Amino acid sequence: PNFDVIKNYRYMFYGCSSLALLDLSSFDTSKVTNMEFMFDNCSKLNTVSLGANFKWVGAYGYLPTPSSSNIAGADGKWHADSDGCAYAPKDVPSNKADTYRAAAPTWAGATLSVSGDAKVGSTLRASATGTPAWANLSYQWYRDGSAIDGAASETYACAPDDLGHALTCKATEAAGKISGALSSSPTASVGKGRLTPAGTLS
């Protein structure tokens, strides 16, 4: 569009009930004077890209409220791809280049695997793949499904109490930007370690 000419965005996408994706990253709204009801009744809009020159104008210029009745996974907020932050429609920031999604982020496509020998004295390591770049993961290890006190890091040293039990690890997003947990498959039952000449288990 000719940004020097178009100054009124009122009702621009009004009633586009089948519209799902919008790329407005090239829009410069610095001269726009009216955005009233710009997205009203865009009930299926689930992804919007905005550019650094997109500024919200007026009390009624904002994205629609996503509803789970129209968009799977919607929770009423818009979620930024860059950092996972969630915004109410009226709070989506101006002049921030980002893509916003109506569906809350999930663990879909992500995996958590455990490597290392499941033996007393050996160290296991949990590794996550496919998680968003912004995700800050917290870890918790479990013995036969029960949380192990103090076992809250990526690595875990198998203890004598683990002998004969299966271990799993779960990862959560520390800031709560992704609900639920990412779980590993259980290890084999922890076996006996081997004493080294120094008397330590290996």
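Asn 34 touches Lys 7, Asn 8, Tyr 9, Arg 10 and Val 57, leaving aside residues up to four places away in sequence; contact here means heavy atoms within 4.5 Å. This is a predicted model, where local features need pLDDT of at least 70 and side-chain atom pairs count only at pLDDT 80 or more, while totals for chains, interfaces and linings use all residues. Residues are numbered from 1 along each chain as its sequence is written, and side-chain values use heavy atoms, with hydrogens and water left out.

Where does Asn 34 lie? In the loop between strand 1 (21-24) and strand 2 (47-50); strands are DSSP runs of E, at least two residues, numbered from the N terminus. Asn 34 has a relative accessible area of 18%, so Asn 34 is buried, a word that means under 20% relative accessible area with a 1.4 Å probe, protein chains only.

Now the rings. Rings of Phe, Tyr and Trp (its six-membered ring) pair if their centres lie within 6.5 Å; planes under 30 degrees apart count as stacked, over 60 as edge-to-face and the rest as tilted. By this rule there are 9 aromatic pairs. Trp 141 and Tyr 156 are stacked, because their ring centres are 5.7 Å apart and their planes are at 25°. Trp 141 is in strand 8 (residues 137-143) and Tyr 156 in strand 10 (residues 155-157), so this pair ties together parts 15 residues apart in sequence. Trp 141 and Tyr 156 are both buried. Elsewhere, ring pairs link Tyr 11, Tyr 14, Phe 37 and Tyr 60 into a cluster.

Methods: Helices (H or I, at least four residues) and strands (E, at least two) are DSSP runs, numbered from the N terminus. Buried means under 20% relative accessible area, exposed over 50%, partly exposed in between (1.4 Å probe, protein chains only).
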